[in-house]
Amino acid sequence: MTNKISKILIIPTLLLAFNGYAAEQEASPSANQISISADKQEGQLKANVGIFEKNVEIIHGNRRITADRLEVHKREDLGDNKQLLIATGSPAYFEEKQADGTVMSASANEVRYDVAKRFLTLVGDAEVAQAGQKINAKSITYDMQQQLISAEKDENSTDRVHTILVPVEPKKVKKSDKGQP
């Protein structure tokens, strides 16, 4: 048996665990509000970049990010929401509450989130988990809109992409559902 494993792994079965995302289409204007707290903040006003350091927490709708350092880039070329969030830490964390009530969590040394595209890029000891399902790799990209996830090992490492899938138990059918009294 060969030890060669594909560098890129796309797992359709894992995507079932990520079935849907919580809609942010609320009537209130605060749905797109971003709240950031940190021990230190600086702004590069000409470049439209905010830098937050030490004990950083950001809450954006149904998402929460914690990190040692966060850069918020705001530019016209980033689309309607115009924000690119770059969180770094040991590790940095990203959480999003899904429409079904489950929480999708991700962590890595660097977490990039493109708000308009709903695209998550995790680099360095990356992990994504939801409902007992888990994937670990050097880097992971997750297109949350299209529900596509891709994981890759470090080309110079013997570590491979590791996935844990938890069997989903079928729903039990009640006797009354079978037409029996």
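**Reading the backbone and the core**

Modeller: Begin with Asn 55, which is exposed, at a relative accessible area of 62%. Exposed is over 50%, buried is under 20%, and partly exposed is in between (1.4 Å probe, protein chains only). The model is predicted, so local features need pLDDT of at least 70 and side-chain atom pairs pLDDT 80 or more, while totals for chains, interfaces and linings use all residues. Residues are numbered from 1 along each chain as its sequence is written, and side-chain values use heavy atoms, without hydrogens and water.

Colleague: In which element is Asn 55 found, and what is its phi?

Modeller: Most residues other than glycine have a negative phi, and most peptide bonds are trans. Asn 55 has a positive phi, near 55°, and is not a glycine. Asn 55 belongs to strand S4; strands are DSSP runs of E, at least two residues, numbered from the N terminus.

Colleague: What is the phi of Asp 125?

Modeller: Asp 125, also a residue other than glycine, has a positive phi of about 50°. Asp 125 sits in strand S8. Its relative accessible area is 60%, which puts Asp 125 in the exposed class.

Colleague: And the peptide bond: which residues does a cis one join?

Modeller: Ser 90 and Pro 91 are joined by a cis peptide bond, with omega about -5°. Pro 91 has its place in strand S6.

Colleague: Back to S4: is Val 56 buried or exposed?

Modeller: Val 56 lies in S4 and is buried, at a relative accessible area of 3%.

Colleague: Which residues does Val 56 touch?

Modeller: Leave out residues up to four places away in sequence, and Val 56 touches Ile 36, Ser 37, Ala 38, Ile 65, Thr 66, Ala 67, Asp 68, Arg 69 and Leu 70. Contact means heavy atoms within 4.5 Å. One of these partners, Ser 37, is 19 residues from Val 56 along the chain, and their C-alpha atoms are separated by 5.7 Å.

Colleague: How do I read the nonpolar core, and how many residues has the largest one?

Modeller: In soluble globular proteins, nonpolar side chains tend to be buried together. A core here joins buried Ala, Val, Leu, Ile, Met, Phe, Trp, Tyr and Cys through side-chain atoms within 4.5 Å. The largest has 28 residues, and Phe 94, Leu 120, Leu 122 and Ile 140 have the most contacts inside it. The elements giving two or more residues to this core are S4, S5, S6, S7, S8, S9 and S10. S7 supplies the largest share, 5 residues.

Colleague: Take Leu 122. What is it in contact with?

Modeller: Neighbours within four places in sequence are set aside. The contacts of Leu 122 are then Ala 106, Ser 107, Ala 108, Glu 110, Val 111, Glu 127, Val 128, Lys 138, Ser 139 and Ile 140. Ile 140 is also among the core residues with the most contacts.

Colleague: How many aromatic pairs are there?

Modeller: Rings of Phe, Tyr and Trp (its six-membered ring) pair with centres within 6.5 Å: stacked with planes under 30 degrees apart, edge-to-face over 60, the rest tilted. The count is 1 aromatic pair. Phe 94 and Tyr 113 form it, tilted, at 5.2 Å centre to centre with 45° between the planes. Phe 94 is in strand S6 (residues 83–97) and Tyr 113 in strand S7 (residues 103–114), so the pair ties together parts 19 residues apart in sequence.

Colleague: Are these two residues buried or exposed?

Modeller: Phe 94 and Tyr 113 are both buried.

Methods. Helix = DSSP H or I, 4+ residues; strand = E, 2+ residues; numbered from the N terminus.
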